[in-house]
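Work through the exercises below with the sequence and the 3D view side by side, and try each task before reading its solution.

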Amino acid sequence: MSHNCIFCKIVRGEAPANKVYEDDHTLAFMDIFPVTDGHTLVITKDHFANLFEASTEALLAVAATAKRVAHALETVVKPDGLMVFQLNGAAAGQTVFHYHMHLMPRAHGEPLALHARQPGDPARLDELAAALGAHVRDKNRE
Ligand code: AMP
Ligand code: ZN
């Protein structure tokens, strides 16, 4: 746990997030500055700065959650493609130093960007989180 880490605050419920899914080890929520519609983050609940610090158990849990959310994005957003990426260190473009994976829907011909400057429309982020969450819960019941 890290007191000033924004993602730890989200895990503790001290900062808001458009949550999609959570389990014992992971939490998925909408990126608040989405590069594309449906841009979602999957984080470890424990604080690890990056891939090098994260436990293998936590990384495997993130991979499992990423797959669940990827299927939900495929159904709800129906993108042409889905980019999954994860940045380690400022030189790689990392801006939040708490391990997380990006799931970014992509469209044919769209320019490639890793970050956005504009916050997402709050109503759309709510709508996406609800629809993606419902899809993941449905699949869990099957
Ligand atoms: P990275 O550059 O890989 O460290 O990505 C950090 C991501 O976290 C960026 O895409 C930000 O838009 C996103 N982000 C930062 N703060 C928040 C927040 N409070 N809620 C949701 N997403 C956030
Ligand atoms: Zn943290």
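Two exercises follow, each with a worked solution.

This is a predicted model, in which local features need pLDDT of at least 70 and side-chain atom pairs count only at pLDDT 80 or more, while totals for chains, interfaces and linings use all residues. Residues are numbered from 1 along each chain as its sequence is written, chains are lettered from A and ligands numbered from 1 in the order in which they are written, and side-chain values use heavy atoms, with hydrogens and water left out.

**Exercise 1.** Describe the aromatic pair of the structure.

Solution. Rings of Phe, Tyr and Trp (its six-membered ring) pair if their centres lie within 6.5 Å, and planes under 30 degrees apart count as stacked, over 60 as edge-to-face and the rest as tilted. The structure holds 1 such pair. The ring centres of Phe7 and Phe29 are 5.4 Å apart and the planes stand at 80°, so the pair is edge-to-face.

**Exercise 2.** Is Asn50 buried or exposed?

Solution. Buried means under 20% relative accessible area, exposed over 50%, and partly exposed in between (1.4 Å probe, protein chains only). Asn50 has 16% relative accessibility and therefore counts as buried. Asn50 is found in the loop between strand E3 (40-44) and helix H2 (56-76).

Definitions and conventions
Helix = DSSP H or I, 4+ residues; strand = E, 2+ residues; numbered from the N terminus.
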